[in-house]
Amino acid sequence: MKAETSARDYASGFLAAAVEHWSQHLTVLADRLENDALLRPLSDQAQEFAGRNATLTGLLPTDFGKLEVDLLQVLLSRGDLSKLREVVAELNAILQRTVAGTQTVAVTSAQSLSESDRNALQDKFSAQFGAGLEFHYTEDPALLGGMIVRVGDKLIDTSVASRLSRMREQLAAAVR
């Protein structure tokens with residue numbers, strides 16, 4: 001009997017193949033750009049973009065696709081071409097999380113959370129979003145209290161700083 005393949009399986013396989021293809025191409029270029037004599041003139045924002053773009057285009061293998069070229073042009077225009085290897089690493093990390101079914105939960109709190117607070121938070125979010133969550137904790141005293149939690153494209157902001165900012169906006173609107 002033939003095992004059923006889900007749409008998620010097909011999509012994950014396609015995504016993995018696409019990212020692997022892009023990763024290989026972009027890594028070849030990142031290797032070439034490790035030569036400081038090539039990267040320095042490309043990163044010189046004082047030079048005209050068209051000239052830098054022509055130089056970059058001359059370095060590209062002929063089988064680079066439009067998405068890869070578009071990414072490189074954005075990096076070039078912003079002076080971030082030196083971040084190409086980091087971008088490739090992040091692409092691969094995103095792919096691994098996606099295929100593994102994990103989501104990152106970024107928790108920023110005003111002060112360090114106790115182990116019991118972290119466990120309670122993890123239990124709450126696991127119940128809401130399911131298993132496969134990877135938690136990252138940071139502290140930002142500017143929040144004054146509370147926390148900001150980001151899960152995928154969802155943002156939960158219970159910080160005191162945000163509440164004060166909303167109150168300030170409401171008072172300013174009421175005075176007008």
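**Entry 1**

I began with His25, which lies in helix α1 (residues 7–33); helices here are DSSP runs of H or I with at least four residues, strands are runs of E with at least two, and both are numbered from the N terminus. Before going further I noted that this is a predicted model, in which local features need pLDDT of at least 70 and side-chain atom pairs count only at pLDDT 80 or more, while totals for chains, interfaces and linings use all residues. Residues are numbered from 1 along each chain as its sequence is written, and side-chain values use heavy atoms, with hydrogens and water left out.

Is His25 buried or exposed? I found His25 buried, because its relative accessible area is 11%, where buried means under 20%, exposed over 50% and partly exposed in between, computed with a 1.4 Å probe on protein chains only. Leaving aside neighbours within four places in sequence, His25 is in contact with Asp63, Phe64 and Glu68, contact meaning heavy atoms within 4.5 Å.

**Entry 2: the nonpolar cores**

I then looked up the nonpolar cores, each a set of buried Ala, Val, Leu, Ile, Met, Phe, Trp, Tyr and Cys residues joined through side-chain atoms within 4.5 Å. The largest has 16 residues, and Leu29, Leu33, Leu42, Leu56, Leu72, Leu81 and Leu84 have the most contacts inside it. Two or more residues come from each of α1, α2 (36–43), α3 (49–59), α4 (66–77) and α5 (84–100), and α1 gives the most, with four. For Leu84, again leaving aside neighbours within four places in sequence, I listed contacts with Leu26, Leu29, Ala30, Leu33, Leu72 and Leu75. A second, separate core has eleven residues, among them Val105, Leu113, Leu121 and Tyr137.

**Entry 3: a loop leucine**

Leu60 lies in the loop between α3 and α4, and it counts as buried because its relative accessibility is 13%. Which residues does Leu60 touch, leaving aside its neighbours within four places in sequence? I found Leu60 in contact with Leu29, Arg32, Val69 and Leu72. I also noted that Leu60 and Glu86 are 26 residues apart in sequence and 19 Å apart in space, C-alpha to C-alpha.

**Entry 4: the strands**

Strand β1 (residues 103–109) runs parallel to strand β2 (residues 133–139), and seven bridges join them; two strands pair if DSSP finds at least two bridges between them. Gln103 has Leu133 as its bridge partner in β2. From β1 the chain passes through helix α6 (residues 115–129) to β2 in a right-handed β-α-β crossover, meaning that, with the strands pointing away from the viewer, the path from the first strand over the helix to the second runs clockwise. Ser109 stands opposite Glu139 in β2. With strand β3 (residues 147–151), β1 runs antiparallel through five bridges, and Val107 stands opposite Val149 there.

**Entry 5: the rings**

I found one aromatic pair in the structure: Phe135 and Tyr137 are stacked, at 6.2 Å centre to centre with 15 degrees between the planes. The criterion takes rings of Phe, Tyr and Trp (its six-membered ring) with centres within 6.5 Å, and planes under 30 degrees apart count as stacked, over 60 as edge-to-face and the rest as tilted. Phe135 is buried because its relative accessible area is 16%, and Tyr137 is buried because its value is 18%.
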